[in-house]
Structures are given as structure tokens and as C-alpha cells.
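Here is a short tour of one structure, from its overall build down to single residues. Keep the sequence and the 3D view open as you read.

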Amino acid sequence: MANKKILAVLGATGAQGGGLVRAILNDAGGGFAARALTRNADSEKARALARQGAAVVAADVDDADSLARAFDGAHGAFCVTFFWDHFSPEREVAQARAMAQAAKRAGVKHVIWSTLEDTRKHVPLSDDRMPTLLGKYKVPHFDGKGESDRFFVESGVPTTLLLTSFYWDNLIHFGMGPKPGPDGKLAITFPMGDKKLPGIAAGDIGGCAYGIFKAGSSYHGKTVGIAGEHLSGAEMAAELTRALGKPVAYNDVTPEAYRAFGFPGADDLGNMFQFKRDFDRVFRGARDVETARSLNPSLQTFAVWLAENKSRIPLG
Ligand SMILES: NC(=O)c1ccc[n+]([C@@H]2O[C@H](COP(=O)([O-])OP(=O)(O)OC[C@H]3O[C@@H](n4cnc5c(N)ncnc54)[C@H](OP(=O)(O)O)[C@@H]3O)[C@@H](O)[C@H]2O)c1
């Protein structure tokens with residue numbers, strides 16, 4: 001343990017960070033130790049990580065001093081923010097700035113920043129194909145992350161910018177699973193037309209991050225985009241039909257209709273899907289399945305993920 005390089009992992013009790021902690025712990029001979037960061041070291045999830053061999057340390061991304069302590073002595077830091085807990089891109093930007101500063105102060109040798117595109121580079125605020133949200137964003141939960149890339153780059157800490165993809169787990173946790181339409185038939189609904197959506201098992205993101213830490217300096221200063229598979233709505237529906245043993249259709253709606261669904265974040269997600277649809281070459285081109293598999297050999301396809309998770313998808 002003493003000779004191992006410490007990887008400090010934000011979001012360790014969650015999807016992305018949890019996958020990274022598992023990858024570190026599952027590779028006992030890999031030379032890395034997991035420092036699992038959480039706001040509550042006494043929670044059941046945090047205790048479970050400690051039992052499995054992680055060092056659990058308290059940290060809050062809103063508290064710069066706690067980040068400094070959390071990164072102290074670490075070789076690497078996995079940095080991620082939690083947009084859907086607060087819906088504020090400004091808060092994400094402030095958190096990312098604090099993470100980059102803390103990593104620099106602690107002398108961290110390799111940071112992975114879990115990021116997404118600043119869509120305004122492709123869809124300026126003047127482009128009225130989609131509404132401007134919160135005064136200065138097109139896709140708030142993307143733009144704040146992309147805007148924050150520079151804090152890590154400018155910090156001088158060797159950094160890898162990790163472009164993540166749509167979690168297939170959204171079918172379980174985010175209300176995006178198949179729902180019966182007026183005719184009683186199940187359908188998934190996305191405003192993607194016939195364009196393909198890069199997706200990934202959320203837990204596989206951490207496995208890819210671990211591959212990047214293991215590869216080390218060859219990934220410093222690089223942007224890496226990952227996905228488990230790129231699938232159209234119709235292809236996802238066909239896979240769901242096979243896995244569930246009952247027909248699932250793809251309900252293609254317009255981005256306007258999706259934004260009007262009215263659930264919290266519907267406008268942000270409507271703009272996000274429209275960005276992925278209208279700029280599919282750029283968006284898909286940035287996310288390479290083979291690179292992801294080389295970093296994480298156990299990377300799942302949608303069919304493999306479904307075989308494991310289909311019973312967890314609510315069909316209501
Ligand atoms: N859903 C998607 O398809 C998708 C795709 C790509 C990217 N993303 C992005 O992924 C990010 C979320 O990552 P995730 O899914 O891994 O999160 P998650 O599963 O919701 O886990 C977040 C964990 O982080 C911890 N946390 C929350 N607030 C914190 C704070 N202030 N300080 C320190 N820790 C905190 C919580 O643990 P404790 O309670 O133990 O502290 C929680 O278990 C979002 O920003 C989202 O935009 C989502």
C-alpha cells in the first residue's frame with residue numbers, strides 16, 4: 001500500500017467515480033491505491049468502499065480547503081462535478097476552478113477532468129435554432145464543463161480532458177426508459193431523428209479513466225472521448241425489444257416538443273439532443289469506441305449492459 005500511487009477520486013460513491021474506485025481495487029497489482037472522496041465518510045456507501053480497501057476521505061467540491069486536503073499527497077485526481085444536484089453551470093465553473101487550483105497546490109501529477117463540450121463554440125448564442133438558457137448558455141450542463149477546461153489547462157498540471165457520453169443508466173434512473181404510449185405500446189423518446197447517440201454504461205467511464213491513469217504521460221495534455229457504442233434511437237429500441245422480449249418502438253420527437261415536456265431540465269436536455277443531432281459528425285467524431293475499449297477492455301456494448309440491467313429499467 002505504502003508504495004502505491006494514490007488516485008484521489010471525486011464522486012467515489014457515485015457513477016463515474018465509483019467505477020474508477022472499483023477499477024483501482026480490482027487491479028491489486030496495478031500500483032495504484034484508491035482515495036475515495038465523499039461528503040459523508042459515515043454513509044453506507046462510503047463504509048462499503050472502506051471495507052473493500054479504499055481510503056475514505058471527506059471532501060466537498062464547494063469547499064476549497066477540503067479539496068486541498070483531499071488531493072494532498074495524491075499522484076492523480078479524478079475531477080467531476082454534479083450538475084443535476086443543483087442545475088447551476090456557474091457553480092460547476094466555480095467548483096472546477098477550485099479543483100484545478102487545489103490540484104496545482106498539492107502538486108498532483110495527473111488530473112482527469114470529466115468534461116463535455118462547450119456547445120456555444122458550435123451554436124453561438126445568436127443562433128436561434130435553440131433557445132438560449134439561463135441568459136448565456138445553450139446546453140447549460142455541457143457549457144459550464146467545457147468552459148472550465150481552461151482552468152485545468154492553464155493550471156499547468158498535466159491534465160487529460162475526458163469527454164463522456166450519454167449513460168445508458170439514464171433508462172433506469174433519469175426517467176428515459178420505455179414508456180407506454182396512448183396505444184399502450186412501449187416506446188423510448190428522443191429528439192435525435194435517425195442520428196446515432198454515443199452511449200456508455202456509466203460504470204465503464206471510471207474503467208476508462210483508470211486506463212488513462214495507467215497509461216500516464218502519453219495522455220497528458222490530451223482530450224479523450226469515450227463511448228461504449230453509437231446507436232440510433234431505432235437501434236436502441238431494437239436492442240430493448242430483444243432484451244425485454246416485448247416490442248419497444250422509437251418515438252422520434254422534435255427538440256421543441258422535447259423541451260416542452262416540462263420536467264426539470266427538459267429545456268437543457270432538448271437542446272443537448274438537438275446539439276448531438278445537428279452536430280453529429282463533430283460529436284460522434286470526438287468519441288471513439290475502440291479507444292475506450294483499449295483503455296477499458298471490459299467496456300460493455302448496449303446489449304451486454306442490457307443483459308445485466310434490463311430488470312432494473314422501469315417500464316411505466
Ligand atoms: N447522466 C448522463 O448521461 C451523463 C453523461 C455524461 C456526463 N454526465 C455528468 O455526470 C456528472 C455527475 O457524475 P455522476 O453521474 O458520477 O454523479 P452521481 O452518480 O450523481 O454521484 C455523485 C456523487 O458525488 C458526490 N457529491 C455530490 N455533491 C458533492 C459535493 N458537493 N462534493 C463532493 N462530492 C459530492 C455524492 O457522494 P456523497 O454523497 O458520498 O458525497 C454522489 O454519490 C454530472 O455533472 C453530469 O452532467 C452525466
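## Overall build

Among the contacts in the protein with a separation of 6 or more, 77% are between residues 24 or more positions apart. Please bear in mind that this is a predicted model. The protein has 13 helices and 13 strands. Its radius of gyration is 19 Å, close to the 20 Å that the globule rule gives for 316 residues, so the protein is as compact as a globular protein of that length.

Taken along the principal axes, the box filled by the C-alpha atoms is roughly 60 × 45 × 35 Å. Of the 316 residues, 55% are buried. The protein exposes about 13,400 Å², and 52% of that area comes from carbon and sulfur atoms.

## Nonpolar cores

The largest nonpolar core holds 56 residues, and those with the most contacts inside it are L10, F71, F78, C79, L162 and I226. Helix α4, residues 89-106, gives the most to this core, with seven residues. Apart from it lies another core, of 36 residues, which includes V123, F190, V248 and F273.

I226 deserves a moment of your time. Setting aside neighbours within four places in sequence, I226 is in contact with L162, L163, T164 and S165, and also with I200, I205, C208, R287, D288, A292 and L295.

## A three-stranded sheet

Now let us turn to an open sheet. Its three strands follow the order β7-β10-β12, with mixed pairing. The edge strands, each pairing on one side only, are β7 (166-167) and β12 (229-232).

Strand β10 (residues 196-200) runs parallel to β7, and two bridges join them. On the β12 side, β10 pairs in the antiparallel sense over four bridges, and G199 has E229 of β12 as its bridge partner. β10 is mostly covered, with four of its five residues buried.

## Helix α5 and its surroundings

Helix α5 covers residues 140-155, and its 16 residues reach 24 Å from first C-alpha to last, close to the 22 Å expected at 1.5 Å a residue. Is the helix enclosed or open to the outside? Twelve of the 16 residues are buried, so α5 is largely enclosed by the rest of the structure. The buried residues include P140, H141, F142, K145, G146, D149, F151 and F152.

Several elements take part in covering the buried residues of α5, among them the strands β4 (76-79), β5 and β6 (159-163). The cover also includes the helices α4, α10 (266-278) and α11 (280-285). Just after α5, G156 takes a positive phi of about 85°.

Which residues does T115 touch? Not counting residues up to four places away in sequence, T115 touches K145, G146 and D149, along with L161, L162, L163 and T164. K145, G146 and D149 are among the buried residues of α5, while L162 is one of the residues with the most contacts inside the largest nonpolar core.

T115 itself is found in strand β5, residues 110-115. With a relative accessible area of 1%, T115 is buried. C79 is 36 residues from T115 in sequence, and their C-alpha atoms are 9.0 Å apart in space.

Methods
Residues are numbered from 1 along each chain as its sequence is written. This is a predicted model: local features need pLDDT of at least 70, side-chain atom pairs count only at pLDDT 80 or more; totals for chains, interfaces and linings use all residues. Side-chain values use heavy atoms; hydrogens and water are left out. Buried means under 20% relative accessible area, exposed over 50%, partly exposed in between (1.4 Å probe, protein chains only). Contact means heavy atoms within 4.5 Å. A nonpolar core is a set of buried Ala, Val, Leu, Ile, Met, Phe, Trp, Tyr and Cys residues joined through side-chain atoms within 4.5 Å. Two strands pair if DSSP finds at least two bridges between them. The radius of gyration is taken over C-alpha atoms; the globule rule is 2.2 Å times the number of residues to the power 0.38. Accessible areas come from the Shrake-Rupley method with a 1.4 Å probe; for residues, only the protein chains shown count as cover. The expected span of a helix is 1.5 Å times one less than its number of residues.
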